[in-house]
Amino acid sequence: MSTNPHDLTVAYSKFTTSRPQLLQFYHIHRHISNHFEPALIPGARERFTSMYSMHLWFNSGGRLGTNAVSVDGGFPSFIPEEVKEIKDPFARALAQRIQRLPVKLQVGFSESCIMSSCVKPRFQRDTNPAVLLHCFDSSCLEWRRTYPLLEDAAVETWAIDILGWGFSDLERLPPCDAASKRYHLYQLWRTHIQRPMILVGPSLGAAVAIDFAVNFPEAVDKLILIGASVHVEGTGLLTKLPKFLAYAGVSLLKSLPLRLFANLLAFDDISLSTCFDWTNVGRLHCLLPWWEDATVNYMLSGGYNVVNQIKQRLHSELPDATIRQIPDCGHLPHVEKPEMVARLIADFALSGTRKEEQNPIVLNSAGEKNTSSFIC
(Lines give C-alpha, C1' and ligand atoms only; values in the text may rest on other atoms or scores of the structure.)
Protein backbone atom coordinates (compact mmCIF):
# COMPACT_ATOMS: atom_id res chain seq x y z
CA MET A 1 0.00 0.00 0.00
CA SER A 2 1.40 3.38 -0.94
CA THR A 3 1.53 6.11 1.70
CA ASN A 4 2.55 8.87 -0.68
CA PRO A 5 -0.45 11.16 -1.27
CA HIS A 6 0.95 12.02 -4.72
CA ASP A 7 1.11 8.41 -5.94
CA LEU A 8 -1.17 7.26 -8.73
CA THR A 9 -4.08 5.40 -7.17
CA VAL A 10 -7.26 4.40 -8.98
CA ALA A 11 -10.32 2.41 -7.90
CA TYR A 12 -13.56 1.06 -9.21
CA SER A 13 -16.09 -1.60 -8.26
CA LYS A 14 -19.08 -3.21 -9.93
CA PHE A 15 -22.38 -1.41 -9.56
CA THR A 16 -24.35 -2.72 -6.62
CA THR A 17 -27.86 -2.02 -5.42
CA SER A 18 -27.16 -3.60 -2.04
CA ARG A 19 -26.67 -1.41 0.98
CA PRO A 20 -24.37 0.14 2.10
CA GLN A 21 -23.44 2.20 -0.94
CA LEU A 22 -19.86 2.50 -2.17
CA LEU A 23 -17.80 5.57 -2.91
CA GLN A 24 -14.72 4.95 -5.02
CA PHE A 25 -11.87 7.44 -4.94
CA TYR A 26 -9.33 7.85 -7.76
CA HIS A 27 -6.06 9.72 -7.58
CA ILE A 28 -4.67 10.95 -10.90
CA HIS A 29 -0.98 11.76 -10.40
CA ARG A 30 -0.60 15.49 -9.99
CA HIS A 31 1.28 17.57 -7.44
CA ILE A 32 -0.82 19.89 -5.30
CA SER A 33 0.71 22.48 -3.02
CA ASN A 34 -1.15 24.61 -0.50
CA HIS A 35 -1.85 24.70 3.21
CA PHE A 36 -5.62 24.52 3.66
CA GLU A 37 -7.00 22.36 6.46
CA PRO A 38 -9.82 20.15 5.04
CA ALA A 39 -12.69 20.28 7.49
CA LEU A 40 -16.35 21.17 7.52
CA ILE A 41 -16.77 24.45 9.33
CA PRO A 42 -18.31 24.41 12.81
CA GLY A 43 -22.06 24.78 12.83
CA ALA A 44 -22.64 23.20 9.42
CA ARG A 45 -24.64 20.36 10.97
CA GLU A 46 -26.91 22.74 12.85
CA ARG A 47 -27.56 24.87 9.78
CA PHE A 48 -28.16 21.88 7.56
CA THR A 49 -30.58 20.15 9.90
CA SER A 50 -32.72 23.26 10.27
CA MET A 51 -35.04 21.98 7.56
CA TYR A 52 -37.76 24.53 8.19
CA SER A 53 -35.63 27.62 8.58
CA MET A 54 -36.68 30.67 6.59
CA HIS A 55 -33.19 30.87 5.12
CA LEU A 56 -30.44 28.53 3.98
CA TRP A 57 -26.88 29.45 4.77
CA PHE A 58 -24.03 29.17 2.30
CA ASN A 59 -20.35 29.94 2.42
CA SER A 60 -19.32 32.76 0.12
CA GLY A 61 -16.44 35.02 -0.71
CA GLY A 62 -13.82 32.36 -0.01
CA ARG A 63 -14.08 32.96 3.75
CA LEU A 64 -15.50 30.84 6.51
CA GLY A 65 -18.22 33.37 7.21
CA THR A 66 -21.72 32.77 5.83
CA ASN A 67 -24.34 34.69 3.91
CA ALA A 68 -28.07 34.08 3.98
CA VAL A 69 -29.88 33.13 0.80
CA SER A 70 -33.66 33.31 0.92
CA VAL A 71 -35.47 30.11 -0.01
CA ASP A 72 -38.40 32.10 -1.35
CA GLY A 73 -36.47 34.24 -3.83
CA GLY A 74 -36.93 34.23 -7.59
CA PHE A 75 -36.01 31.37 -9.91
CA PRO A 76 -34.25 31.65 -13.29
CA SER A 77 -36.76 32.17 -16.07
CA PHE A 78 -35.59 29.08 -17.99
CA ILE A 79 -36.56 26.67 -15.20
CA PRO A 80 -40.09 25.24 -15.56
CA GLU A 81 -42.75 27.03 -13.53
CA GLU A 82 -43.39 23.80 -11.59
CA VAL A 83 -40.28 24.56 -9.53
CA LYS A 84 -42.50 26.84 -7.42
CA GLU A 85 -44.47 23.80 -6.26
CA ILE A 86 -41.39 22.08 -4.83
CA LYS A 87 -41.22 22.15 -1.04
CA ASP A 88 -37.67 20.93 -0.45
CA PRO A 89 -35.87 24.11 0.72
CA PHE A 90 -32.49 22.85 -0.49
CA ALA A 91 -33.83 22.21 -3.98
CA ARG A 92 -35.43 25.65 -4.06
CA ALA A 93 -32.24 27.34 -2.90
CA LEU A 94 -29.99 25.55 -5.39
CA ALA A 95 -32.46 26.10 -8.24
CA GLN A 96 -32.11 29.85 -7.67
CA ARG A 97 -28.38 29.57 -8.30
CA ILE A 98 -28.59 27.69 -11.61
CA GLN A 99 -27.29 29.72 -14.52
CA ARG A 100 -26.48 29.13 -18.16
CA LEU A 101 -22.97 29.55 -19.55
CA PRO A 102 -22.02 29.65 -23.25
CA VAL A 103 -20.30 26.46 -24.44
CA LYS A 104 -19.21 25.91 -28.03
CA LEU A 105 -20.40 22.66 -29.58
CA GLN A 106 -20.49 21.21 -33.07
CA VAL A 107 -24.08 21.05 -34.33
CA GLY A 108 -24.38 19.60 -37.82
CA PHE A 109 -21.71 21.14 -40.03
CA SER A 110 -21.35 24.31 -38.00
CA GLU A 111 -20.13 25.26 -34.56
CA SER A 112 -22.87 26.52 -32.29
CA CYS A 113 -23.06 27.94 -28.78
CA ILE A 114 -25.06 25.94 -26.24
CA MET A 115 -26.22 27.88 -23.21
CA SER A 116 -25.35 25.22 -20.65
CA SER A 117 -26.83 25.02 -17.16
CA CYS A 118 -24.76 24.64 -14.02
CA VAL A 119 -24.20 25.97 -10.52
CA LYS A 120 -20.98 27.97 -10.27
CA PRO A 121 -18.88 28.26 -7.11
CA ARG A 122 -19.10 31.41 -5.06
CA PHE A 123 -15.34 31.54 -4.58
CA GLN A 124 -12.11 30.33 -6.15
CA ARG A 125 -9.43 28.43 -4.23
CA ASP A 126 -5.80 27.54 -4.88
CA THR A 127 -6.84 23.88 -4.80
CA ASN A 128 -8.43 22.21 -7.81
CA PRO A 129 -12.23 22.48 -7.99
CA ALA A 130 -14.71 19.65 -7.43
CA VAL A 131 -17.05 19.17 -10.39
CA LEU A 132 -20.25 17.27 -9.61
CA LEU A 133 -21.96 15.25 -12.33
CA HIS A 134 -25.37 13.62 -11.89
CA CYS A 135 -27.10 10.30 -12.53
CA PHE A 136 -28.89 9.17 -15.69
CA ASP A 137 -31.66 11.57 -16.75
CA SER A 138 -31.21 13.95 -13.85
CA SER A 139 -29.89 17.45 -13.15
CA CYS A 140 -27.58 19.39 -10.89
CA LEU A 141 -30.44 19.64 -8.38
CA GLU A 142 -29.46 16.10 -7.39
CA TRP A 143 -26.68 17.75 -5.33
CA ARG A 144 -29.01 20.11 -3.49
CA ARG A 145 -28.26 18.73 -0.01
CA THR A 146 -24.51 18.14 -0.42
CA TYR A 147 -23.51 21.22 -2.41
CA PRO A 148 -23.93 23.77 0.43
CA LEU A 149 -21.94 21.55 2.79
CA LEU A 150 -19.08 21.37 0.31
CA GLU A 151 -19.10 25.14 0.17
CA ASP A 152 -19.03 25.22 3.97
CA ALA A 153 -15.97 22.96 3.74
CA ALA A 154 -14.36 25.62 1.49
CA VAL A 155 -14.28 23.28 -1.50
CA GLU A 156 -14.61 25.21 -4.74
CA THR A 157 -17.54 23.34 -6.27
CA TRP A 158 -19.30 23.21 -9.63
CA ALA A 159 -22.49 21.24 -10.29
CA ILE A 160 -22.80 20.54 -14.01
CA ASP A 161 -25.77 19.43 -16.11
CA ILE A 162 -24.69 16.74 -18.58
CA LEU A 163 -25.62 17.59 -22.17
CA GLY A 164 -29.16 16.39 -22.95
CA TRP A 165 -30.33 16.48 -19.34
CA GLY A 166 -30.73 19.26 -16.82
CA PHE A 167 -31.73 22.79 -17.80
CA SER A 168 -29.49 23.73 -20.74
CA ASP A 169 -31.03 25.46 -23.75
CA LEU A 170 -31.37 22.74 -26.40
CA GLU A 171 -33.94 24.40 -28.63
CA ARG A 172 -31.52 23.77 -31.47
CA LEU A 173 -30.96 20.14 -30.50
CA PRO A 174 -27.37 18.89 -30.76
CA PRO A 175 -26.47 15.18 -30.80
CA CYS A 176 -26.74 13.82 -27.27
CA ASP A 177 -24.70 10.63 -27.64
CA ALA A 178 -21.80 9.80 -25.30
CA ALA A 179 -19.19 11.43 -27.54
CA SER A 180 -21.15 14.69 -27.69
CA LYS A 181 -21.67 14.68 -23.92
CA ARG A 182 -17.92 14.16 -23.47
CA TYR A 183 -16.99 16.95 -25.87
CA HIS A 184 -19.52 19.32 -24.31
CA LEU A 185 -18.07 18.72 -20.84
CA TYR A 186 -14.57 19.27 -22.21
CA GLN A 187 -15.54 22.56 -23.84
CA LEU A 188 -17.25 23.72 -20.64
CA TRP A 189 -14.11 22.80 -18.68
CA ARG A 190 -11.77 24.44 -21.21
CA THR A 191 -13.81 27.65 -21.36
CA HIS A 192 -14.95 28.17 -17.79
CA ILE A 193 -13.06 25.94 -15.33
CA GLN A 194 -9.59 25.78 -16.87
CA ARG A 195 -7.95 23.75 -14.09
CA PRO A 196 -7.70 20.01 -13.43
CA MET A 197 -10.88 18.80 -11.72
CA ILE A 198 -11.86 16.47 -8.94
CA LEU A 199 -14.59 14.85 -11.03
CA VAL A 200 -17.45 13.28 -9.06
CA GLY A 201 -19.84 10.85 -10.76
CA PRO A 202 -22.75 9.00 -9.14
CA SER A 203 -24.38 5.98 -10.84
CA LEU A 204 -24.25 6.54 -14.62
CA GLY A 205 -22.33 9.73 -13.88
CA ALA A 206 -19.46 7.41 -12.93
CA ALA A 207 -19.37 6.11 -16.50
CA VAL A 208 -19.43 9.71 -17.75
CA ALA A 209 -16.51 10.53 -15.44
CA ILE A 210 -14.42 7.50 -16.50
CA ASP A 211 -15.07 8.12 -20.18
CA PHE A 212 -14.06 11.77 -19.78
CA ALA A 213 -10.94 11.06 -17.70
CA VAL A 214 -9.65 8.49 -20.19
CA ASN A 215 -10.12 10.84 -23.15
CA PHE A 216 -9.04 14.09 -21.48
CA PRO A 217 -6.61 13.12 -18.69
CA GLU A 218 -5.17 16.64 -18.58
CA ALA A 219 -8.54 17.90 -17.31
CA VAL A 220 -8.89 15.46 -14.39
CA ASP A 221 -6.86 15.42 -11.19
CA LYS A 222 -8.95 12.92 -9.20
CA LEU A 223 -12.08 10.82 -9.63
CA ILE A 224 -14.80 10.04 -7.10
CA LEU A 225 -17.38 7.46 -8.13
CA ILE A 226 -20.55 6.87 -6.12
CA GLY A 227 -22.61 3.69 -6.60
CA ALA A 228 -20.86 3.38 -9.95
CA SER A 229 -22.91 1.99 -12.85
CA VAL A 230 -19.98 1.22 -15.15
CA HIS A 231 -20.40 -2.40 -16.22
CA VAL A 232 -23.58 -2.00 -18.26
CA GLU A 233 -22.64 -2.04 -21.93
CA GLY A 234 -24.62 0.94 -23.17
CA THR A 235 -28.34 0.98 -23.88
CA GLY A 236 -28.20 -2.44 -25.55
CA LEU A 237 -31.24 -3.57 -27.52
CA LEU A 238 -32.92 -0.21 -27.03
CA THR A 239 -30.81 1.08 -29.91
CA LYS A 240 -32.84 -1.11 -32.28
CA LEU A 241 -36.24 0.26 -31.26
CA PRO A 242 -38.35 2.02 -33.89
CA LYS A 243 -38.52 5.69 -33.06
CA PHE A 244 -42.21 5.64 -32.17
CA LEU A 245 -41.55 2.94 -29.56
CA ALA A 246 -38.53 4.84 -28.25
CA TYR A 247 -40.68 7.93 -27.77
CA ALA A 248 -43.36 5.86 -26.04
CA GLY A 249 -40.77 4.47 -23.65
CA VAL A 250 -39.34 7.90 -22.92
CA SER A 251 -42.83 9.25 -22.27
CA LEU A 252 -43.28 6.50 -19.69
CA LEU A 253 -39.92 7.38 -18.18
CA LYS A 254 -41.20 10.89 -17.49
CA SER A 255 -44.46 9.73 -15.91
CA LEU A 256 -45.08 10.58 -12.28
CA PRO A 257 -46.06 7.02 -11.20
CA LEU A 258 -42.85 5.49 -12.59
CA ARG A 259 -40.66 8.21 -11.13
CA LEU A 260 -42.41 7.91 -7.76
CA PHE A 261 -41.85 4.15 -7.74
CA ALA A 262 -38.18 4.60 -8.69
CA ASN A 263 -37.71 7.02 -5.80
CA LEU A 264 -39.28 4.59 -3.36
CA LEU A 265 -36.69 2.03 -4.48
CA ALA A 266 -33.77 4.45 -4.54
CA PHE A 267 -34.14 5.96 -1.08
CA ASP A 268 -33.99 4.23 2.26
CA ASP A 269 -36.90 4.91 4.62
CA ILE A 270 -38.35 8.26 3.55
CA SER A 271 -41.95 9.39 3.97
CA LEU A 272 -44.41 9.31 1.08
CA SER A 273 -44.74 13.10 1.12
CA THR A 274 -40.96 13.53 0.92
CA CYS A 275 -40.78 10.92 -1.83
CA PHE A 276 -43.43 12.75 -3.82
CA ASP A 277 -41.62 16.07 -3.43
CA TRP A 278 -38.25 14.57 -4.38
CA THR A 279 -39.92 12.97 -7.39
CA ASN A 280 -40.98 16.43 -8.54
CA VAL A 281 -37.41 17.64 -8.09
CA GLY A 282 -36.04 14.73 -10.09
CA ARG A 283 -38.41 15.13 -13.05
CA LEU A 284 -38.38 18.93 -13.24
CA HIS A 285 -35.98 18.98 -16.20
CA CYS A 286 -38.24 16.53 -18.06
CA LEU A 287 -40.77 19.33 -18.47
CA LEU A 288 -38.53 21.23 -20.89
CA PRO A 289 -39.80 20.93 -24.49
CA TRP A 290 -36.66 19.26 -25.91
CA TRP A 291 -36.22 16.64 -23.18
CA GLU A 292 -37.91 13.78 -25.06
CA ASP A 293 -35.93 14.39 -28.26
CA ALA A 294 -32.63 14.57 -26.36
CA THR A 295 -33.33 11.40 -24.38
CA VAL A 296 -34.41 9.40 -27.43
CA ASN A 297 -31.29 10.60 -29.25
CA TYR A 298 -29.12 9.33 -26.39
CA MET A 299 -30.98 6.02 -26.10
CA LEU A 300 -30.76 5.20 -29.81
CA SER A 301 -27.08 6.20 -29.93
CA GLY A 302 -25.99 3.34 -27.69
CA GLY A 303 -25.27 5.20 -24.46
CA TYR A 304 -22.14 4.73 -22.36
CA ASN A 305 -19.94 1.64 -22.55
CA VAL A 306 -16.74 2.06 -20.54
CA VAL A 307 -16.01 -1.62 -19.89
CA ASN A 308 -13.12 -1.67 -22.36
CA GLN A 309 -11.76 1.62 -21.05
CA ILE A 310 -11.64 0.13 -17.56
CA LYS A 311 -9.87 -3.00 -18.80
CA GLN A 312 -7.38 -1.20 -21.02
CA ARG A 313 -6.58 1.92 -19.00
CA LEU A 314 -7.56 1.46 -15.37
CA HIS A 315 -7.29 -2.21 -14.48
CA SER A 316 -3.59 -2.15 -13.59
CA GLU A 317 -4.12 0.79 -11.26
CA LEU A 318 -6.91 -0.78 -9.16
CA PRO A 319 -4.84 -2.31 -6.33
CA ASP A 320 -4.41 1.13 -4.72
CA ALA A 321 -8.15 1.75 -4.59
CA THR A 322 -9.77 3.65 -1.77
CA ILE A 323 -13.36 2.55 -1.13
CA ARG A 324 -15.62 4.04 1.52
CA GLN A 325 -19.01 2.64 2.47
CA ILE A 326 -22.06 4.71 3.35
CA PRO A 327 -24.16 2.64 5.76
CA ASP A 328 -27.96 2.44 5.91
CA CYS A 329 -28.42 4.27 2.66
CA GLY A 330 -30.09 3.87 -0.72
CA HIS A 331 -28.67 4.51 -4.18
CA LEU A 332 -28.20 8.29 -3.78
CA PRO A 333 -26.13 8.88 -0.63
CA HIS A 334 -25.47 12.49 -1.65
CA VAL A 335 -29.21 13.07 -1.17
CA GLU A 336 -29.79 10.82 1.86
CA LYS A 337 -26.50 11.20 3.75
CA PRO A 338 -25.18 14.57 2.58
CA GLU A 339 -23.03 15.33 5.61
CA MET A 340 -21.14 12.07 5.33
CA VAL A 341 -20.70 12.38 1.58
CA ALA A 342 -19.61 16.03 1.87
CA ARG A 343 -17.04 15.08 4.49
CA LEU A 344 -15.60 12.28 2.35
CA ILE A 345 -15.49 14.41 -0.79
CA ALA A 346 -13.92 17.35 1.05
CA ASP A 347 -11.27 15.21 2.71
CA PHE A 348 -10.38 13.51 -0.57
CA ALA A 349 -10.56 16.66 -2.69
CA LEU A 350 -8.22 18.48 -0.33
CA SER A 351 -5.89 15.54 0.36
CA GLY A 352 -2.31 16.29 -0.53
CA THR A 353 -2.57 19.79 0.91
CA ARG A 354 -0.73 18.50 3.98
CA LYS A 355 2.31 16.27 4.01
CA GLU A 356 1.07 13.79 6.57
CA GLU A 357 -1.15 10.91 5.49
CA GLN A 358 -4.82 11.32 6.32
CA ASN A 359 -6.40 8.76 8.62
CA PRO A 360 -9.21 6.57 7.28
CA ILE A 361 -12.74 7.53 8.24
CA VAL A 362 -14.45 4.93 10.42
CA LEU A 363 -18.13 4.36 9.62
CA ASN A 364 -20.70 2.44 11.62
CA SER A 365 -22.93 -0.04 9.78
CA ALA A 366 -26.06 -1.82 10.99
CA GLY A 367 -25.33 -4.48 13.59
CA GLU A 368 -21.65 -3.59 13.84
CA LYS A 369 -19.69 -1.12 15.93
CA ASN A 370 -16.73 0.91 14.72
CA THR A 371 -16.59 -1.02 11.48
CA SER A 372 -14.04 0.48 9.12
CA SER A 373 -14.96 0.32 5.47
CA PHE A 374 -11.72 2.01 4.38
CA ILE A 375 -9.97 -0.06 1.71
CA CYS A 376 -6.78 0.97 -0.06
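At what angle do the axes of helix 6 and helix 7 cross? The axes of helix 6 (residues 243–254) and helix 7 (residues 256–266) cross at roughly 60° and come within 5 Å. This is a predicted model, in which local features need pLDDT of at least 70 and side-chain atom pairs count only at pLDDT 80 or more, while totals for chains, interfaces and linings use all residues. Residues are numbered from 1 along each chain as its sequence is written, and side-chain values use heavy atoms, with hydrogens and water left out.

**Overall make-up**

- The secondary structure of the protein consists of twelve helices and ten strands; helices (H or I, at least four residues) and strands (E, at least two) are DSSP runs, numbered from the N terminus.
- Of the 376 residues of the protein, 57% count as buried. Buried means under 20% relative accessible area, exposed means over 50%, and partly exposed is in between (1.4 Å probe, protein chains only).
- Among contacts (heavy atoms within 4.5 Å) between residues at least 6 apart in sequence, 73% join residues at least 24 apart.

**Helix 6 and helix 7**

- The axes are lines fitted to C-alpha atoms, for helices over the stretch in contact, and angles run from 0 to 180 degrees between N-to-C directions.
- Helix 6 and helix 7 are therefore oblique to each other. Angles under 35 degrees count as roughly parallel, over 145 as roughly antiparallel, 65 to 115 as roughly perpendicular and the rest as oblique.
- On the helix 6 side the contact involves Leu252, Leu253 and Lys254, which meet Leu256, Leu258 and Arg259 in helix 7.
- The residues of this contact divide into four nonpolar, no polar and two charged. Ala, Val, Leu, Ile, Met, Phe, Trp, Tyr, Cys and Pro count as nonpolar, Asp, Glu, Lys and Arg as charged, and the others, Gly among them, as polar.

**The largest pocket**

- The largest pocket holds about 1,300 Å³ of space. A volume is the space filled by probe spheres set on the grid points, which are joined across faces, edges and corners.
- On a 1 Å grid over the protein atoms alone, a pocket is an open set of points where a 1.4 Å probe fits, with protein on both sides within 12 Å along at least five of seven lines; lining residues have an atom within 4 Å of a point.
- The lining has 50 residues, and Cys135, Phe136, Ser203, Ala262 and His331 lie nearest the centre of the pocket.
- Helix 5 (204–215), helix 6, helix 7, helix 8 (272–282) and helix 9 (291–301) each supply at least two lining residues. Helix 7 gives the most, with six residues.
- By class, the lining of the largest pocket has 28 nonpolar, 17 polar and five charged residues.

**Positive phi values**

- Ser203 lies in the loop between strand 8 (197–202) and helix 5. Phi of Ser203 is near 55°, a positive value in a residue other than glycine, and Ser203 counts as buried at 11% relative accessibility.
- Ala154, in the loop between helix 3 (147–152) and strand 7 (157–160), has a phi near 65°, also positive in a residue other than glycine. Ala154 counts as buried at 1% relative accessibility.

**Buried residues in helices**

- His184 is part of helix 4 (residues 178–193) and counts as buried at 1% relative accessibility. Not counting residues up to four places away in sequence, His184 touches Val103, Leu105, Ile114, Ser116, Asp161 and Leu163.
- Val281 belongs to helix 8 and counts as buried at 3% relative accessibility. Leaving aside neighbours within four places in sequence, Val281 is in contact with Ile86, Ala91, Leu141 and Arg144.

**C-alpha separations**

- Val281 and Arg92 are 189 residues apart in sequence and 9.2 Å apart in space, C-alpha to C-alpha.
- Ile224, in strand 9, is buried with a relative accessible area of 0%. The C-alpha atoms of Ile224 and Ile198, 26 residues apart along the chain, are separated by 7.3 Å.
- Ser351 lies in the segment after helix 12 (338–349) and is buried at a relative accessible area of 11%. Between the C-alpha atoms of Ser351 and Thr127, 224 residues apart along the chain, the separation is 9.8 Å.
- Gly236 lies in the loop between strand 9 (220–226) and helix 6 and is partly exposed, with a relative accessible area of 39%. Gly236 and Tyr304 are 68 residues apart along the chain, and their C-alpha atoms are separated by 9.9 Å.
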